[in-house]
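Subject: Structure handover

Hi,

Here is the structure for you to look over. My notes follow below it.

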Amino acid sequence: MSLLFFGKDPDTDEDHCPSVWADTEEAELIFQGWKGDDATKAKCREFGPIPDTEEVIRIPARMIAQIRKACDAAERAAAEREAAQLR
């Protein structure tokens, strides 16, 4: 696994920080965030179930710049994988 770290929420303490990474091998984003409360999960379930292997997390808007950078890295990794498969 190859994780690129893009940052922690600058407004929380060092032990409890939402964070974002890009896994460049799998071309996926990895998030650490606050677990959604029961009301949030209930609202999300209006659109479909939440499997036991998944979790609803909350990420503050102040992390958007870091998330954009992680998205760009994951997107580049996906394009590189696709190009390599075509060779």
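The sulfur of Cys17 lies 20 Å from the closest cysteine sulfur, in Cys71, which is too far for a bond. A disulfide here is a pair of cysteine sulfur atoms within 2.5 Å. The structure holds 0 disulfides. Cys44 is in none either: the nearest cysteine sulfur, again that of Cys71, is 18 Å away. Cys17 is buried at 3% relative accessible area, whereas Cys44 is partly exposed at 32%. Buried means under 20% relative accessible area, exposed over 50%, and partly exposed in between, with a 1.4 Å probe and protein chains only.

Some ground rules. This is a predicted model, in which local features need pLDDT of at least 70, side-chain atom pairs count only at pLDDT 80 or more, and totals for chains, interfaces and linings use all residues. Residues are numbered from 1 along each chain as its sequence is written, and side-chain values use heavy atoms, with hydrogens and water left out.

Strands

Helices (H or I, at least four residues) and strands (E, at least two) are DSSP runs, numbered from the N terminus. Two strands pair if DSSP finds at least two bridges between them.

Start with strand E2, residues 19-23. 5 of its 5 residues are buried, so E2 is largely enclosed by the rest of the structure. Ser19, Trp21 and Asp23 point one way from E2, while Val20 and Ala22 point the other way.

E2 has a partner in strand E1 (residues 3-8): the two run antiparallel and are joined by 5 bridges. Leu3 has Asp23 of E2 as its bridge partner. E2 also pairs with strand E3 (residues 28-32), in the antiparallel sense and over 5 bridges. There, Trp21 is bridged to Ile30 of E3. E2 and E3 form a hairpin with 4 residues between them. In its turn, Ala27 has a positive phi of about 55°.

Ala79 sits in helix H2 and is partly exposed, at 47% relative accessibility.

Nonpolar core

In soluble globular proteins, nonpolar side chains tend to be buried together. A nonpolar core is taken as a set of buried Ala, Val, Leu, Ile, Met, Phe, Trp, Tyr and Cys residues joined through side-chain atoms within 4.5 Å. The largest one has 6 residues: Val20, Ala22, Met63, Ile67, Ala70 and Ala73. E2 and helix H2 (64-86) are the elements that give two or more residues to this core. H2 gives the most, with 3 residues.

Rings of Phe, Tyr and Trp (its six-membered ring) pair if their centres lie within 6.5 Å; planes under 30 degrees apart count as stacked, over 60 as edge-to-face and the rest as tilted. The structure holds 1 aromatic pair. The rings of Phe5 and Trp21 have centres 5.8 Å apart and planes at 55°, so this pair is tilted. Phe5 is in E1 and Trp21 in E2, 16 residues apart. Phe5 is partly exposed at 46%, whereas Trp21 is buried at 19%.

Salt bridges

A salt bridge is a side-chain nitrogen of Lys or Arg within 4 Å of a carboxyl oxygen of Asp or Glu. The count comes to 4. Among them is Arg62 with Asp9, with the closest N and O atoms 2.5 Å apart. This pair links distant parts of the chain: Arg62 in the loop between strand E5 (57-58) and H2, Asp9 in the loop between E1 and E2. Arg62 is partly exposed at 42%, but Asp9 is buried at 2%.

Glu55 bridges to Lys41, with the closest N and O atoms 2.9 Å apart. Lys41 is in helix H1 (38-45), and Glu55 is in the loop between H1 and E5. Glu55 is partly exposed at 39%; Lys41 counts as buried at 17%.

Lys43 pairs with Glu46 at 3.3 Å between the closest N and O atoms. Salt bridges that share partners also join Asp9, Asp11 and Arg62 into one network.

Best wishes
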